[in-house]
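User: Please take a close look at the interface. Then set it against its surroundings.

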Protein chains: 2
Amino acid sequence: MARNKVQKKSAYHHGDLRGQLISAARSLIEEHGPDGFSMSDACRLAGVSTAAPYRHFASKQDLLTEVAKDGLQRLGVEMEDNASEFTRGTVDSISAIGRAYVNFAIREPHTFRLMFSTRAHSGRIEELREVGRGSYGVLLREVARYTGEADITESVIRNAFPLWTQVHGLSFLAIDGKLDVTAFPVDIDESILIATERLLPPGSQAKA
Amino acid sequence: MARNKVQKKSAYHHGDLRGQLISAARSLIEEHGPDGFSMSDACRLAGVSTAAPYRHFASKQDLLTEVAKDGLQRLGVEMEDNASEFTRGTVDSISAIGRAYVNFAIREPHTFRLMFSTRAHSGRIEELREVGRGSYGVLLREVARYTGEADITESVIRNAFPLWTQVHGLSFLAIDGKLDVTAFPVDIDESILIATERLLPPGSQAKA
DNA sequence: CCATCAATGTGAACAGCTCTAACTATGTTA
DNA sequence: TAACATAGTTAGAGCTGTTCACATTGATGG
């Protein structure tokens, strides 16, 4: 009868149901996919009735949007962390960002898909875009360092976008099992490095 | 009472329920997204009871897999058609394939997503991969013409894969509304052309 | 210290979903 | 024409997300 979590004030009021539902959603989604995830499951996992979540989220979609936002934020942090392990503004630091991106997708494929499936978050897309822009900024700043520009100019964006496109595509192909459709499977890290070299304006520290 | 389709033999036996369900699914998916699509809706649209589809498809997923297979096949045809409008084995013909790819994604975003979301088709992935390989072959053969190789060698694949990755990523970014996250929106055709030039081994008709 | 109020839980119920079981109508073939 | 396979039906089980009225609690002001 008594709830066997950490000591509760009441066992009726839950403490942090909101946060607990988000993390329950996260793990359930990664286990069974976003379609295999049900509000009821999350409730069972959190030990509350199926009506409880609606004090914290307007709908199931609303909860999923929260999971997506959280994912975008964590992705940005990991990109920055990975880049910081190399000399800034180099092919190495830029492709490190790419590896962080693809690794995230492989580690949390369902969350990754959720982060970018705009349709699933109708009504809160702008909110999500804002978080996404924050993470994209990590790449933009790194490319600016590479080309030696102080601000995020149009040229920086034009140079960065193909890189994003490439790792984004690689991520989806990876999580959808398309890296070995031929007899010669793709090496992810090598693939990122080569593409970075080819897509970036030639010459280290070039002006574009 | 009488069904107001084309003349029926019986109005009980339906004629081509299987085909009609697939095309109903296609249009419903494109209208409301794959999650907004319900078996019941498809039945209403086809004018049969909700139990009828299960004579033709093992499950809802099974029907969706059929839609995905159909999509992959049509994509391949469109790639080939687009390429054939240019001198074969050139940057032009190769980027024409890329445009066909991205255009398909934009025209049928939900079907496109379905075609690649492996998880949704568990149990029939190999079947789907086979159709996908057929379409991928269009690109592989075109790259082989470009590099002047007679067969689909490892080098051909290594040259083609980054191109696939690029248009695949561009497709997803496009359908998820990410082409204008910055103040400088992306021009799709130009983006494909530039990426093709940079990712392909340098020099027309080079050997790799 | 108590009354009140907002916040956050509950249980019951609804409509809609996928899918199954048993039954029925039809087309084909011996 | 009898028998059989094919392809529909209705009824219903067991899910789901969501809402409703109600219950419990923590915090606040008298």
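Analyst: Buried means under 20% relative accessible area, exposed over 50%, and partly exposed in between (1.4 Å probe, protein chains only). This is a predicted model: local features need pLDDT of at least 70, side-chain atom pairs count only at pLDDT 80 or more, and totals for chains, interfaces and linings use all residues. Residues are numbered from 1 along each chain as its sequence is written, chains are lettered from A and ligands numbered from 1 in the order in which they are written, and side-chain values use heavy atoms, leaving out hydrogens and water.

Start with the extent of the interface.

Now the charges. Two salt bridges are counted between chain B and chain A. The term means a side-chain nitrogen of Lys or Arg within 4 Å of a carboxyl oxygen of Asp or Glu. One pair to look at is Asp180(A) with Arg129(B), whose closest N and O atoms are 3.3 Å apart. The pair crosses between chains: Asp180(A) sits in the loop between H7 and helix H8 (188-199) of chain A, and Arg129(B) in helix H6 of chain B. Helices (H or I, at least four residues) and strands (E, at least two) are DSSP runs, numbered from the N terminus. Asp180(A) is partly exposed because its relative accessibility is 41%. Arg129(B), at 18%, counts as buried.

Aromatic rings come next. Rings of Phe, Tyr and Trp (its six-membered ring) pair if their centres lie within 6.5 Å; planes under 30 degrees apart count as stacked, over 60 as edge-to-face and the rest as tilted. The whole structure has 13 such pairs over all chains. Phe161(A) and Trp164(A) are edge-to-face, 5.9 Å centre to centre with 85 degrees between the planes. Phe112(B) and Phe116(B) are tilted, at 5.1 Å and 55 degrees. These two lie four residues apart in helix H5 (residues 109-116) of chain B, about one turn of the helix. Phe112(B) is buried because its relative accessibility is 0%. Phe116(B), at 4%, is buried too. They belong to one aromatic cluster with members from chain A and chain B, including Tyr101(A), Phe172(A), Tyr101(B) and Phe172(B).

For comparison, turn to chain A itself. Eight helices and zero strands make up its secondary structure. Of its 208 residues, 51% count as buried. Arg88(A) forms a salt bridge with Glu142(A), at 2.8 Å between the closest N and O atoms. Arg88(A) lies in the loop between helix H3 (60-83) and helix H4 (91-107), and Glu142(A) in helix H6 (residues 125-147), so the pair ties together parts that are 54 residues apart in sequence. Arg88(A), at 29% relative accessibility, is partly exposed. Glu142(A), at 0%, is buried.
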